[in-house]
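Subject: Structure for your files

Hello,

Here is the structure I said I would send. My notes on its pockets follow below.

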Amino acid sequence: MNAPDGDAPEVSALAINVVIPPPLRWRDFRRGEEFELQTLTVRLLPDLSVAVKAYGRPVAGGRGAYVSFAMPDRPELRALVDAAANRAADLWRGNTGLG
């Protein structure tokens, strides 16, 4: 994500965290424990492709391990990622700096 200007800082990746609305959440198992996936971490990679990992909490309660899951290829989740990326771009455009 280098800018054409040689004096611009090199940005290696950009990431946003997205809350998964309850109707779109799903459950998955890892190491014998069931998790409800509640957030997505979306990364814009240097080649401008996007990588997504899902994170959640154990259904049985407690903190559990911080374990990533693949996001299922569902149209409504793809739409959530696209909408979140657009919202993040709007927020960055409106930033007021380190004030």
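**Pockets in the model**

In the largest pocket, the biggest contribution to the lining comes from α1, with 8 residues. Please keep in mind that this is a predicted model.

The space in that largest pocket comes to about 340 Å³. It is lined by 15 residues, and those closest to its centre are Leu14, Ile16, Leu44, Ala85 and Ala88. By class, the lining of the largest pocket holds 11 nonpolar residues, 1 polar residue and 3 charged ones.

The second largest pocket has a volume of about 200 Å³. Its lining is made up of 10 residues, with Tyr55, Gly56, Arg57, Arg63 and Tyr66 the closest to the centre. Here the elements that supply two or more residues are β3 and β4 (50-58). Of these, β4 gives the most, with 3 residues. The lining of the second largest pocket divides into 4 nonpolar, 4 polar and 2 charged residues.

Regards

Key. Residues numbered from 1 in each chain as written. Predicted model: local features only at pLDDT ≥ 70, side-chain atom pairs only at ≥ 80, totals over all residues. Heavy atoms only, no water. 1 Å grid on protein atoms, 1.4 Å probe; cavity = no way out; pocket = protein on both sides within 12 Å on 5 of 7 lines; lining within 4 Å. Points joined across faces, edges and corners; volume = space filled by probe spheres on them. Helix = DSSP H or I, 4+ residues; strand = E, 2+ residues; numbered from the N terminus. Nonpolar A, V, L, I, M, F, W, Y, C, P; charged D, E, K, R; others polar.
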